[in-house]
Amino acid sequence: MISNLIEEITSFDNYNKNLLLFLDDNKKDWYVQSKYAHIEWVDTWQNSSNVLLQGLENKNFIKEKINKLLPDKKINSVHLFVNLKGGWSFNEHKDDTNVFLYVEKGQKDVHINGEIYKVKQNQGIHIPKGTKHRVDSIKDTWALSVGYD
């Protein structure tokens, strides 16, 4: 699975569609196209603290996995979050859809309503629409954020 996800991160098609974002060392987010030529991105993406790839909901290998995890849900989006250096990636926020956060590799600590939920490899957590949350990760954590109705 990780090798398929790396192919998606380095894909020219995803780069060209502007589906890739990264956080710099100051936690400022940038669209990859605004800072890198594709070949530069392929060579340097692993130096980023965090990578976000949007638009994975139509990829067959993702659909198969999500259908097993959430067989009765109507999926509206699938994003990949890769935290390469560890720590938090985004400030506390709310999503405008229900989210199932699934850890493919590593571990995330999900902060919701004063509680911390440890989500380890091959585990997930449901975060209801509109729920404030923040997420910390250990180094080299790969997770799918699945939006559903």
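Visitor: What percentage of the 149 residues of the chain count as buried?
Guide: This is a predicted model. A residue counts as buried when its relative accessible area is under 20%. Of the 149 residues of the chain, the share that counts as buried is 44%.

Visitor: How many helices and strands are in the chain, and what is its radius of gyration?
Guide: The chain has five helices and 11 strands. For 149 residues the globule rule gives 15 Å, and the chain comes close to that, so it is as compact as a globular protein of that length. Along the principal axes, the C-alpha atoms fill a box of roughly 40 × 35 × 25 Å. The radius of gyration is 15 Å.

Visitor: What part of the accessible surface belongs to carbon and sulfur atoms?
Guide: The accessible surface of the chain comes to about 8,100 Å². Of this area, the part that belongs to carbon and sulfur atoms is 45%.

Visitor: Among contacts between residues at least 6 apart in sequence, what percentage join residues at least 24 apart?
Guide: A contact here means heavy atoms within 4.5 Å. Among the contacts in the chain between residues at least 6 apart in sequence, the share joining residues at least 24 apart is 69%.

Visitor: Which residue in S10 is the bridge partner of Ile112?
Guide: Strand S7 covers residues 107–112 and strand S10 covers residues 133–137. The two run antiparallel and are joined by five bridges. In S10, the bridge partner of Ile112 is His133.

Visitor: Is the ring pair of Tyr36 and Trp41 stacked, edge-to-face or tilted?
Guide: A search of the whole structure finds six aromatic pairs. The ring centres of Tyr36 and Trp41 are 5.8 Å apart, and their planes are at 50°. Planes under 30 degrees apart count as stacked and those over 60 as edge-to-face, so the pair is tilted.

Visitor: Which residue of the cluster formed by Phe22, Tyr36 and Trp41 has a relative accessible area of 0%?
Guide: Ring pairs link Phe22, Tyr36 and Trp41 into this cluster. Tyr36 is partly exposed, at a relative accessible area of 24%. The buried residue at 0% is Trp41.

Visitor: How far is Lys35 from the ring centre of Trp30?
Guide: The charged end of Lys28 sits over the ring of Trp30, 4.5 Å from its centre. Lys35 also lies over the face of Trp30, and its distance from the ring centre is 3.6 Å.

Note on methods. Residues are numbered from 1 along each chain as its sequence is written. This is a predicted model: local features need pLDDT of at least 70, side-chain atom pairs count only at pLDDT 80 or more; totals for chains, interfaces and linings use all residues. Side-chain values use heavy atoms; hydrogens and water are left out. Rings of Phe, Tyr and Trp (its six-membered ring) pair if their centres lie within 6.5 Å; planes under 30 degrees apart count as stacked, over 60 as edge-to-face and the rest as tilted. Buried means under 20% relative accessible area, exposed over 50%, partly exposed in between (1.4 Å probe, protein chains only). A charge sits over a ring if NZ of Lys or CZ of Arg is within 6 Å of the ring centre and within 35 degrees of the ring normal. Two strands pair if DSSP finds at least two bridges between them. Helices (H or I, at least four residues) and strands (E, at least two) are DSSP runs, numbered from the N terminus. The radius of gyration is taken over C-alpha atoms; the globule rule is 2.2 Å times the number of residues to the power 0.38. Accessible areas come from the Shrake-Rupley method with a 1.4 Å probe; for residues, only the protein chains shown count as cover.
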